[in-house]
Amino acid sequence: MNGSPQERILVVKLGALGDVVLALGPMAAIRRHHSQAHIVLLTTRPFADLGRACPFVDEVWVDSRPSLMKSPWGVWRLRHRLVAGRFDMVYDLQTSDRSSFYFQLMWPRRPQWSGIARGASHPHDNPRRDFMHTIDRQRDQLARAGIADVPAPDLSWLSGDISGLGLDERPLLLLVPGGSAHRPEKRWPAGRYGELAAAYLARDWQVAVLGSGLEADIAAEIRRMAPATLDLAGRTGFGELASLGRKAAHAIGNDTGPMHILSAAGAPSTVLFSSASDPDLTRPVGPRVTVLRRQRLADLAMAEVAATVAAE
């Protein structure tokens, strides 16, 4: 299907951050396949600005994820907008119960649909789909819709100003010690990050801690052990993360969204997984990504992590 000026395409990708980054390759393939189409991305508010900066889409719609029980009018407004969009094709890269429900909402003007919704014109019915890495699964989904040659995520278009972050010309080690607050089992202990920071500061590297403002306490604990560590918690958006990924000699972090940006931007990366998540399904991708996994991350020694760090 070659794009035409009249063709309207909807891509559904609601979150989370790592999943959005992994979907950038499929989005680039969709853009190439529908080169003249008007492509709308339906996503959630945290990723709206990222979508607006993305060269693979023309417009971003924010999904407030209304509940049929709590906000029936919100569901009605969403239905009205989806139907009024008069889309020729929808690529559901979320493939969840919610996104499949949107296909049902669009009755009686349902467009062609790539996804897992019952009645989809291009169903992804591979029985192994739940056992495939996200990128492999979406490549297989798009192949069934006639789109081949899905590239790896490309973040060359994403950048931010890091001139005011206090960086110098020493090799830069980035630490990402946070993650979902309700999933503490996915975090390597902050004390181990502190040991690592102290070891690389002693080698005359610059070490910086990344994370949200809500993770300032973790950064503070690391800095108590390694006071010269640069605390960037709450100071970096998506663009700054991409620029830091290009500058870094290495990045080390838990299974969390920022590691996907750093890795895809080019940073040699070490990503730490516990039994709470499966790297075969969700690991970040990039030029050089090392995965270390333990049943309990507390059992992972600092020396083993340090052994993966790229040479200066």
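Leaving aside its neighbours within four places in sequence, which residues is Ser 212 in contact with? The legends below start there. This is a predicted model, in which local features need pLDDT of at least 70 and side-chain atom pairs count only at pLDDT 80 or more, while totals for chains, interfaces and linings use all residues. Residues are numbered from 1 along each chain as its sequence is written, and side-chain values use heavy atoms, with hydrogens and water left out.

**View 1. Ser 212 and its contacts.** Beyond the neighbours within four places in sequence, Ser 212 touches Ala 233 and Gly 234; contact here means heavy atoms within 4.5 Å. Ser 212 and Ala 233 are 21 residues apart in sequence, and their C-alpha atoms are 5.2 Å apart in space. You can find Ser 212 in the loop between strand S8 (206-209) and helix H8. Helices (H or I, at least four residues) and strands (E, at least two) are DSSP runs, numbered from the N terminus. Ser 212 is partly exposed, with a relative accessible area of 33%. On this scale, buried means under 20% relative accessible area, exposed over 50%, and partly exposed in between, using a 1.4 Å probe and protein chains only.

**View 2. Helices H7 and H8.** Helix H7 (residues 190-201) packs against helix H8 (residues 216-225) at an angle of about 45°, and their axes are 8 Å apart. Axes are lines fitted to C-alpha atoms, for helices over the stretch in contact, and angles run from 0 to 180 degrees between N-to-C directions. The angle makes H7 oblique to H8: under 35 degrees counts as roughly parallel, over 145 as roughly antiparallel, 65 to 115 as roughly perpendicular, and the rest as oblique. From H7, Ala 190, Gly 191, Tyr 193, Gly 194, Glu 195, Ala 197 and Ala 198 meet Ile 218, Glu 221, Ile 222 and Met 225 of H8. The residues of this contact divide into seven nonpolar, two polar and two charged. Here Ala, Val, Leu, Ile, Met, Phe, Trp, Tyr, Cys and Pro count as nonpolar, Asp, Glu, Lys and Arg as charged, and the others, Gly among them, as polar.

**View 3. Trp 188 and Tyr 193.** The structure holds seven aromatic pairs. Trp 188 and Tyr 193 form an edge-to-face pair, with 4.8 Å from centre to centre and 75° between the planes. Rings of Phe, Tyr and Trp (its six-membered ring) pair if their centres lie within 6.5 Å; planes under 30 degrees apart count as stacked, over 60 as edge-to-face and the rest as tilted. Trp 188 is buried, with a relative accessible area of 1%, and Tyr 193 is buried too, at 0%.

**View 4. Helices H9 and H10.** Helix H9 (residues 238-247) and helix H10 (residues 257-265) pack at about 45°, with axes 7 Å apart. That makes H9 oblique to H10. Among the H9 residues that meet H10 are Phe 238 and Leu 241, and the H10 side includes Pro 258 and Ile 261. By class, this contact has eight nonpolar, one polar and one charged residues.

**View 5. Two loops with a cis peptide bond.** The bond from Gly 15 to Ala 16 is cis, with omega near -5°, and Ala 16 sits in the loop between strand S1 (8-12) and helix H1 (17-22). The bond from Trp 107 to Pro 108 is cis, with omega near 5°. Look for Pro 108 in the loop between helix H5 (97-105) and strand S5 (112-115).
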